[in-house]
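Reader: I would like to learn how to read pockets and a helix in a model like this one. Could you walk me through it?

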Amino acid sequence: TRLSDEEIRFLPATPDQSEVVAPLIYDTDPKMFDHWFGGEYEVALRYLAAQFGRKENNFSFSHCTTAIVGDHLLGIESGYDRETQRKLIGQTIRNAAEILSPDEMEGLLEAMNYVLYLIPPIPKGAYYVLLLAATPEARGTGIGEKLLTNAFVRAKEKGYRMCQLDVSSDNR
């Protein structure tokens, strides 16, 4: 059943949502996160939850909007511009070193050597939708479309000239 606009509240994410949001972040690109963490799903979730709960990094709650219906978080959208992405990468790596074991960190750094080849640069003046996901029970209800529309409206209000979203061809 499709959700109506009146049913959905778009709210800034909070750090206490980390455990709910981590699997959604993982679902945005399971192949990439499996590559980063050697297929260790629990390590990926621990990493993503910890990063999400911290204020300034590429996966932080501070760049995320949630879609709430009733008392349930049903989806997320997270993004920023090129300058913000560049500013946050150093803190993301520093956080990773605190979150992961030395062996996990070594694997992550090795895997990330290929990230620049996989992820196109964000155009200047664009809002980049890094993460867009719905919970399994909310898929097919239009929540993703509504989150994306909300991101477009917010981006326009903030003066961005365009929005960009990259999606793998096999992403459902």
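**Pockets first, then a helix**

Author: Gladly! Keep in mind that this is a predicted model. The largest pocket holds about 1500 Å³ of space.

Reader: Which residues are the closest to the centre of the largest pocket?

Author: Those are T28, D29, Y128, L130 and D166, out of 47 residues that line the largest pocket.

Reader: And which elements give two or more residues to that lining?

Author: Helix 1 (18–28), helix 2 (30–36), helix 4 (82–99), helix 6 (115–118), strand 4 and helix 7 do. Strand 4 gives the most, with seven residues.

Reader: How do the residues of this lining divide into nonpolar, polar and charged?

Author: In the largest pocket, 27 of the lining residues are nonpolar, 11 are polar and nine are charged.

Reader: What about the second largest pocket: how much space lies in it?

Author: About 280 Å³. Its lining has 17 residues, and S62, H63, G79, R154 and K158 lie nearest the centre. Strand 1, strand 2, strand 3 and helix 4 each supply at least two residues of this lining. By type, the lining of the second largest pocket has eight nonpolar, five polar and four charged residues.

Reader: Which residues of helix 7 are buried?

Author: They are I143, K146, L147, L148, N150, A151 and A155.

Reader: What covers the buried residues of helix 7?

Author: The cover includes strand 1 (8–12), strand 2 (64–69), strand 3 (72–80), strand 4 (126–134) and strand 5 (162–165).

Reader: Could we take one residue as an example? Why does N150 count as buried?

Author: The general idea is a cut-off: buried means under 20% relative accessible area. N150, found in helix 7, has 17% relative accessibility, so N150 counts as buried.

Reader: Leaving aside neighbours within four places in sequence, what is N150 in contact with?

Author: With that exclusion, N150 is in contact with F10 and T65.

Reader: One last thing: what is there to note just after helix 7?

Author: Look at the backbone of G159 there: this glycine takes a positive phi of about 90°.

Conventions: Residues numbered from 1 in each chain as written. Predicted model: local features only at pLDDT ≥ 70, side-chain atom pairs only at ≥ 80, totals over all residues. Heavy atoms only, no water. Buried < 20%, exposed > 50% of the residue type's maximum accessible area, 1.4 Å probe, protein only. Helix = DSSP H or I, 4+ residues; strand = E, 2+ residues; numbered from the N terminus. Contact = heavy atoms within 4.5 Å. 1 Å grid on protein atoms, 1.4 Å probe; cavity = no way out; pocket = protein on both sides within 12 Å on 5 of 7 lines; lining within 4 Å. Points joined across faces, edges and corners; volume = space filled by probe spheres on them. Nonpolar A, V, L, I, M, F, W, Y, C, P; charged D, E, K, R; others polar.
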